[in-house]
Amino acid sequence: MCPEWTQGELARPERFELPTTWFEARYSIQLSYGRVVARKYKRCRRTETVPAASSRNSRPQFMRRRLHYTGAKTSRGNDARITYTSNRRMKNARTHNVLCLLVIVATTIAVWAVWNEEIESPPWPDSIRGFAYAPLQRGHSPERGDQPSAAEIGTDLSILATTTDSIRTYSIDDAWASIPTLAAEHDLTVTTGVALDGDYELNATRIDNLAALATEARNVERAIVGNETLLTAALTIEELMDLLTRAQQTTSLAISTAEPWHIWLQYPALAERVDFITVHVLPYWEGIAAADAVDYVALRLAELQTAYPNKPIVIGEVGWPSHGRSRGDATASPADAEIFLRRFLQRADAEGWEYFLMEAFDQPWKRAIEGEVGAYWGIYDAHRTPKFDFSGPVLPQRAWPSLAILAALLASAAFSLLVTDGRRINVAGRMFCAVLTAAITTLGVWAISAHAPAYWSTLDVLGGGVLLLGLVGIVALVLVEIHEWVESLWCARAHKPVPTIDRSAARPPKVSIHVPAYDEPPELLAETLRALADLDYPSFEVLVIDNNTKDPRRWKPVELLCANLGERFRFFHVDPLTGYKAGALNFALDRTAPDADIVAVVDSDYKVDRDWLASLVPHFAADSVAIVQAPQDFRDGDVSLFKRMCDAEYRGFFKIGMVTRNDRNAIIQHGTMTMIRKHVLARVGGWDSSTVTEDAELGLRVLEHGFEAHYSETSYGRGLTPDNFLDYKLQRARWALGAGQILRKHCRKLRAAEPSELTWGQRYHFVAGWLPWIADGLSLIFNGIAVAWSVAMMIAPTRVLPPLATLSACVLGVFVFKLVKVLMLYRWRVGASLPQTLGAAAAGLALVYTVGRSIIAGLAGQRAAFRRTPKLAHRHSMHAALVAAAPESVLAAALLACAAGVAAMAPYPNIDTTLWSVLLVAFAVPHISALALSLISALPRGMSERLPRQLASETRSS
């Protein structure tokens with residue numbers, strides 16, 4: 001229950017006093033556990049006098065324009081923290097945000113306007129020579145035997161009669177037989193079609209019906225017997241020619257059959273048999289770009305006219321789809337379809353071509369036989385509405401103003417989310433956010449609008465939902481990366497107060513240092529303990545807990561060393577002891593000196609600096625501070641190429657991620673070199689053995705109780721990096737598994753479904769910090785799906801298509817984006833050279849498989865035994881290195897084989913297949929990195945062998 005506050009209680013003279021110059025300021029009062037209980041406005045002075053009980057950063061306050069006070073007391077005795085934030089800074093931030101929002105809106109609309117620049121194109125003629133017409137309505141399917149009604153056909157023909165006086169049909173079966181009679185009512189002539197299949201008797205009956213139809217319907221002027229019969233191998237050339245002869249003998253109509261241009265050139269005898277040539281010229285199917293398509297049609301007609309100069313030629317099908325996959329250089333889009341049709345119609349009128357546009361109305365049922373593109377060849381959509389403007393300039397996206405506004409609104413919302421509580425972000429950082437969010441949302445809106453089908457099936461809804469979730473996930477991941485990028489490079493650091501220790505104090509805080517050990521090399525532990533004995537701090541103790549080590553030769557020397565180091569050191573060998581490292585730390589906590597105020601943890605391989613405690617204990621001067629964490633560092637990071645790469649990869653987390661987290665009191669407690677108040681540790685329940693990362697889990701529990709955690713960017717101790725790739729994987733697998741376990745265990749509090757003192761900034765950092773690892777898990781799942789999909793593509797290349805190029809490009813874009821981010825942040829924040837940065841990137845990529853598998857296991861609730869990272873291990877042989885990277889090697893080989901197979905077996909080249917192959921190679925890069933890093937770890941290291949020998953020699957000599 002929060003205490004009630006009054007203005008007088010907050011402004012007591014003994015708490016702080018108000019000097020002379022006034023300015024508007026806003027302050028908030030927080031209890032020590034972090035809950036804001038009052039927000040008020042008051043006129044305060046530019047400079048302020050802070051009571052001795054309070055602590056503050058000694059830097060001039062207006063270098064930061066944000067002040068933190070601790071030590072003031074409420075009327076009920078609760079500790080309070082008073083935060084003043086200058087209105088001038090707040091107003092500047094609001095002004096910059098408004099300017100950035102204006103930039104977002106202006107830039108987004110300008111980009112959409114440029115993308116949709118008007119394209120001049122000739123208008124449609126007043127009359128079209130003819131349309132290819134299929135009467136099936138939306139929802140109809142020939143496989144189910146659906147038939148349109150006479151009224152529906154009549155409505156269609158009335159629409160077509162406004163622009164043409166001729167149509168072409170494909171059958172005289174069932175409802176098709178009524179088309180000539182209904183067409184006559186609208187003064188339309190008909191080139192009727194006769195469907196042919198493998199049933200010769202049925203084909204003969206259809207020929208006989210043709211003769212009867214020609215007698216009854218005077219507006220039928222010619223007949224096309226069979227449609228692409230030879231192309232689909234429905235009949236042989238001999239069977240087709242027999243049926244054509246029969247049709248010519250039973251009717252006076254001019255008879256032809258319809259085939260693509262190359263079939264006519266391949267069978268000259270067929271051209272001799274027919275009365276006229278009906279040719280299909282569809283440049284899209286042959287991968288011809290829309291800009292060259294009309295010339296391509298003219299070229300094919302010229303070839304036929306040269307080959308058969310005495311035969312009339314009718315273009316039975318010519319058109320362009322408005323939606324679907326790219327095919328070679330041909331793209332299916334409304335703009336390309338409109339441009340092609342307008343140019344073709346102009347050329348056809350000039351050349352005197354006779355043609356039927358493919359086709360009158362969209363036929364969604366054709367998706368089953370032609371894929372997505374089959375549904376979108378119509379001049380009118382399935383609702384009988386024109387799909388194109390018949391005059392005026394062509395626009396690539398007719399609805400672009402609405403889409404631009406939507407993209408601008410989404411970008412503005414994303415930008416506002418990124419700069420929430422971002423008063424310390426400077427103008428350059430805000431502008432960087434604005435530009436990237438505008439670009440991301442614009443691309444996202446364009447991708448959805450360009451590829452969303454007009455006719456949704458159940459499969460479309462399911463697939464679209466999955467793709468939309470994937471796109472949202474990609475956008476969320478990129479926004480998180482942008483936020484870290486901005487806060488790392490363009491954000492003023494919120495330096496927390498660091499008082500100096502009062503060495504004259506009668507009783508400085510006593511520190512109990514706990515050193516858990518399990519089966520550790522005694523020479524290594526000896527180095528750690530000697531460094532602790534040399535600490536420059538007046539009051540501390542060291543508890544060494546060796547749990548479950550079986551070999552006395554491993555723990556007896558350590559016991560002897562502790563006895564020799566004096567009364568400050570106490571050694572415990574406990575076997576058995578449950579709970580792994582957490583169990584050992586809880587065992588030590590129970591035996592900690594009663595007068596100890598702070599518990600510190602040091603891993604067995606860490607050699608601490610003399611001023612570690614003296615430098616970091618002062619952080620605890622404020623009662624609200626419960627954790628103080630120093631970064632991990634390594635003393636063998638330069639002894640081999642493998643260790644240099646690992647060391648560089650570690651530094652990114654401690655120099656970038658932990659620094660930005662510290663600004664919002666959301667650091668990860670990562671165990672070694674950590675200190676925590678003893679009473680807080682007891683209050684939250686001690687160390688938890690249900691997760692394999694008990695340190696990170698404890699840190700989150702402490703923050704859930706409203707305490708503060710401070711992070712020092714200065715390193716005060718150095719340990720050892722893993723000695724081979726398998727140990728490197730083992731360590732990261734434990735971290736990722738623990739992250740998944742923590743997310744699962746604390747899910748409700750992170751979602752605010754259960755009460756806690758976590759702020760939204762803390763929730764964000766904990767979830768966002770592990771989001772890249774979750775992305776690695778999803779990437780691993782996607783790797784498996786990609787391999788299976790690619791195999792299916794190679795087995796049935798015409799039926800199983802590659803994912804859309806847009807999806808592949810998005811994933812590739814994220815890969816490139818993260819690589820650029822790593823290169824910049826390592827260079828500017830870590831201070832790494834280009835080789836170091838590339839080494840860190842390679843080492844991080846090598847762990848994608850390990851992290852992905854482990855975090856999935858953690859989120860799924862898998863329990864695992866705590867597995868320590870071996871110290872002073874031997875380097876691997878080449879064979880052991882290959883075994884260590886065997887899973888990654890197999891997956892890399894599968895992905896590369898699929899990339900090569902998909903590229904080689906594609907039925908035709910297109911951007912979808914190309915980008916999919918590139919994406920498969922990109923998916924293989926992390927696994928190739930794993931194999932390479934494992935082999936590097938097995939190389940002779942020279943210097944890397946000196947440290948173990950040196951430690952062993954020093955221990956023996958002592």
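Which residues does arginine 300 touch, not counting residues up to four places away in sequence? They are Trp261 and Val281, where contact means heavy atoms within 4.5 Å. This is a predicted model, in which local features need pLDDT of at least 70, side-chain atom pairs count only at pLDDT 80 or more, and totals for chains, interfaces and linings use all residues. Residues are numbered from 1 along each chain as its sequence is written, and side-chain values use heavy atoms, with hydrogens and water left out.

**Nonpolar cores**
- A nonpolar core is a set of buried Ala, Val, Leu, Ile, Met, Phe, Trp, Tyr and Cys residues joined through side-chain atoms within 4.5 Å; buried means under 20% relative accessible area, exposed over 50%, and partly exposed in between (1.4 Å probe, protein chains only).
- The largest nonpolar core holds 88 residues, and Trp612 is among those touching the most other members.
- Helix H19 (residues 641–662) gives this core its largest share, seven residues; helices are DSSP runs of H or I, at least four residues, and strands runs of E, at least two, numbered from the N terminus.
- A second, separate core has 83 residues, including Leu188 and Val190.

**Salt bridges**
- There are 46 salt bridges, each a side-chain nitrogen of Lys or Arg within 4 Å of a carboxyl oxygen of Asp or Glu.
- Glutamate 484 pairs with lysine 821 in a salt bridge, their closest N and O atoms 2.4 Å apart.
- This pair links helix H14 (residues 458–489) to helix H25 (residues 805–830), 337 residues apart.
- Lysine 821 is buried at 7% relative accessible area, while glutamate 484 is partly exposed at 26%.
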